[in-house]
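Visitor: Before we start, I would like to go through the terms used for this chain one by one, and to hear each value set against its definition.

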Amino acid sequence: MWIRSQDKKDLLNAHRRIHAVDQAVYADSMRIGRYKTNERALEVVDMIQNQLVVGSSSDVILHGKRIMQENVFQMPEK
């Protein structure tokens, strides 16, 4: 699953592990978002899980190529 970091500077394809620890969310050992509480970080992990299960119907264009939006998760703001 493709994930765009909270600061929008990174787009990574998370292959193995997405987890919340110390008010942050990590994908494959890279911090991709920071939140005010551990509970909010867990909510974001739940949102990622939901997108994996349900997906989304719109597409995005990245470097001139169309990518199914269900494959890209934008980390929410705090």
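Visitor: Why is leucine 12 called buried?
Guide: In this predicted model, leucine 12 has a relative accessible area of 12%. Buried means under 20% relative accessible area, whereas exposed means over 50% and partly exposed lies in between, with a 1.4 Å probe and protein chains only; leucine 12 is therefore buried. Leucine 12 belongs to strand β2, strands being DSSP runs of E with at least two residues and helices DSSP runs of H or I with at least four, numbered from the N terminus.

Visitor: What conventions stand behind such values?
Guide: Residues are numbered from 1 along each chain as its sequence is written, and side-chain values use heavy atoms, with hydrogens and water left out. As the model is predicted, local features need pLDDT of at least 70 and side-chain atom pairs count only at pLDDT 80 or more, while totals for chains, interfaces and linings use all residues.

Visitor: Which residues does leucine 12 touch, not counting residues up to four places away in sequence?
Guide: Contact means heavy atoms within 4.5 Å, and under that rule leucine 12 touches Met1, Trp2, Ile3, Ala27, Met30 and Ile32. For alanine 27, which is 15 residues apart from leucine 12 along the chain, the C-alpha atoms of the two are separated by 8.4 Å.

Visitor: How do you know that strand β1 and β2 pair?
Guide: Two strands pair if DSSP finds at least two bridges between them; strand β1 (residues 2–4) and β2 have 3 bridges, in the antiparallel sense, and isoleucine 3 stands opposite leucine 12 there. Both strands belong to an open sheet of 3 strands in the order β2-β1-β8, with mixed pairing.

Visitor: What makes β2 and β8 edge strands in that sheet?
Guide: β2 (11–13) and β8 (72–74) each have a single partner strand, so one side of each is left without a neighbour in the sheet. The twist in this sheet averages 25° from one strand to the next, with axes taken as lines fitted to C-alpha atoms, for helices over the stretch in contact, and angles running from 0 to 180 degrees between N-to-C directions.

Visitor: Which strands form the sheet with antiparallel pairing?
Guide: An open sheet of 3 strands has the order β3-β4-β5, and its edge strands, β3 and β5, each pair on one side only. Neighbouring strands of this sheet are turned by 30° against each other on average, direction ignored.

Visitor: How many bridges join β3 to β4?
Guide: Strand β3 (residues 18–21) and strand β4 (residues 24–27) are joined by 4 bridges; isoleucine 18 has alanine 27 as its bridge partner, and valine 21 stands opposite alanine 24. The two strands form a hairpin with 2 residues between them, and aspartate 22 in the turn has a positive phi of about 50°. Between β4 and strand β5 (residues 30–34) there are likewise 4 bridges, with tyrosine 26 opposite arginine 31, and in this hairpin the turn residue aspartate 28 has a positive phi of about 50°.

Visitor: Why is glutamine 6 called buried?
Guide: Glutamine 6, in the loop between β1 and β2, has a relative accessible area of 13%, and the residue therefore counts as buried.

Visitor: What does the side chain of glutamine 6 reach?
Guide: The side chain of glutamine 6 reaches the backbone nitrogen of arginine 34 at 2.9 Å. Leaving aside neighbours within four places in sequence, glutamine 6 is in contact with residues including Ile32, Arg34, Tyr35 and Met75.

Visitor: Which residues touch the most other members of the largest nonpolar core?
Guide: A nonpolar core is a set of buried Ala, Val, Leu, Ile, Met, Phe, Trp, Tyr and Cys residues joined through side-chain atoms within 4.5 Å. The largest has 14 residues, of which Ile3, Val25, Ile32, Val44, Ile48, Phe73 and Met75 touch the most other members. β4 and α1 (38–54) each supply at least two residues, and α1 gives the most, with 4 residues. Isoleucine 48, leaving aside neighbours within four places in sequence, is in contact with Met1, Ile3, Ile18, Val25, Phe73 and Met75.

Visitor: What pattern does the chain follow along the sequence?
Guide: The chain, with 1 helix and 8 strands, reads β-β-β-β-β-α-β-β-β, and buried residues make up 31% of its 78 residues.

Technical notes. A polar contact is a pair of N or O atoms within 3.5 Å; within protein, one must be able to donate a hydrogen and the other to accept it, and residues adjacent in sequence count only if both atoms are side-chain atoms.
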